Amino acid sequence: MKMDNICLLINTNTKLKDIWPMFFGELETRFPQIKKKYIFVDTTDYNFGEDYNVVFYDNNKQYRDQLLECFPQVTEKYCIYIQEDYILYDNVKWDKLCDIIKLMEINSSINFVKLMRGTETTQLIDPDLTMNIPLHYITESEHYYSTQVTLWEIDKLRCIFNETPSSHIGGEGNHVHFEIIANKACKEHCTGLLYYNDEEKRGMHHYDSEIVPYIASALVKGKWNMSEYSKELTPLIDKYNINVNKRGIC
């Protein structure tokens, strides 16, 4: 199915450029269907290729302000947000993503769909209401907003950033952590669902994703996440000739 109203938003930073070959290599292999791709990045002369729209942000600003600086360049209605340490390890289920977008077009009250289950409490929606897509209501969650891979109506994503105080993607204490404080704006302005098809739990905080099979995350505190994803990471590390000793493993 051809979809002209969806793009991929890739957020990254040059301090993580050593994993770009792995991330972009697997993205091209596993998710070739989306042609409109934006990279939000600080100043770099890295050659991402002609298929990518590179949008630069000010590295001295915080995450919230960086993305607000980049959003005006994006013209599509929907986006899939992803970061450079979310490495794909199997093919994306493009037809299922298209079905979700069709549903969002029919039901304009749906503003986002999380593509991986975390620690949320959920309730399966009647399949007759979701075109038989395994979508769930999020009945309770400490992370209603999340930086995990999510399909967004981009105007609502921009709204969350506008309505959240300046903050970074991480930081000392929850008061400066965007992913924490953005929950208030997300709950007030958005209605979201979650895709979950009885995938197995991975570690303590999330499940696998069959629709967008990705490593969440390949790096933990800057080290390769072999404790949770050794099966997926080992062949990729070999494929891209990565020296894990440079970062270390956890």
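## Pockets

On a 1 Å grid over the protein atoms alone, a pocket is an open set of points where a 1.4 Å probe fits, with protein on both sides within 12 Å along at least five of seven lines, and its lining residues have an atom within 4 Å of a point. Grid points are joined across faces, edges and corners, and a volume is the space filled by probe spheres set on the points. The model is predicted, so that local features need pLDDT of at least 70 and side-chain atom pairs count only at pLDDT 80 or more, while totals for chains, interfaces and linings use all residues. Residues are numbered from 1 along each chain as its sequence is written, and side-chain values use heavy atoms, with hydrogens and water left out.

The second largest pocket holds about 160 Å³ of space, and its lining includes Leu103, Asn107, Tyr137 and Leu193. The largest pocket holds about 1400 Å³; of its 44 lining residues, Asp85, Tyr86, Thr147, Glu179 and Ser217 are the closest to its centre.

## Nonpolar cores

A nonpolar core is a set of buried Ala, Val, Leu, Ile, Met, Phe, Trp, Tyr and Cys residues joined through side-chain atoms within 4.5 Å, where buried means under 20% relative accessible area, exposed over 50% and partly exposed in between, with a 1.4 Å probe and protein chains only. The largest core has 56 residues, of which Phe31, Ile100 and Leu115 touch the most other members. Helix 3 gives the most to this core, with 7 residues; helices (H or I, at least four residues) and strands (E, at least two) are DSSP runs, numbered from the N terminus.

Contact means heavy atoms within 4.5 Å, and, leaving out residues up to four places away in sequence, Phe31 touches Leu8, Glu26, Ile80, Leu88, Val92, Trp94 and Leu97. A second, separate core of 30 residues includes Leu67, Tyr145, Ala182 and Cys190.

## Helix 5

In helix 5, the buried residues are Phe178, Glu179, Ala182, Asn183, Ala185 and Cys186, and they pack against helix 2 (63–70), strand 5 (112–114), strand 8 (150–153) and helix 4 (154–163).

## Tyr207

Tyr207 lies in strand 11 (residues 206–207) and counts as buried because its relative accessibility is 16%. Although Tyr207 and Arg117 are 90 residues apart in sequence, their C-alpha atoms are 5.5 Å apart in space. Beyond its neighbours within four places in sequence, the contacts of Tyr207 include Met116, Arg117, Gly118 and Tyr196.
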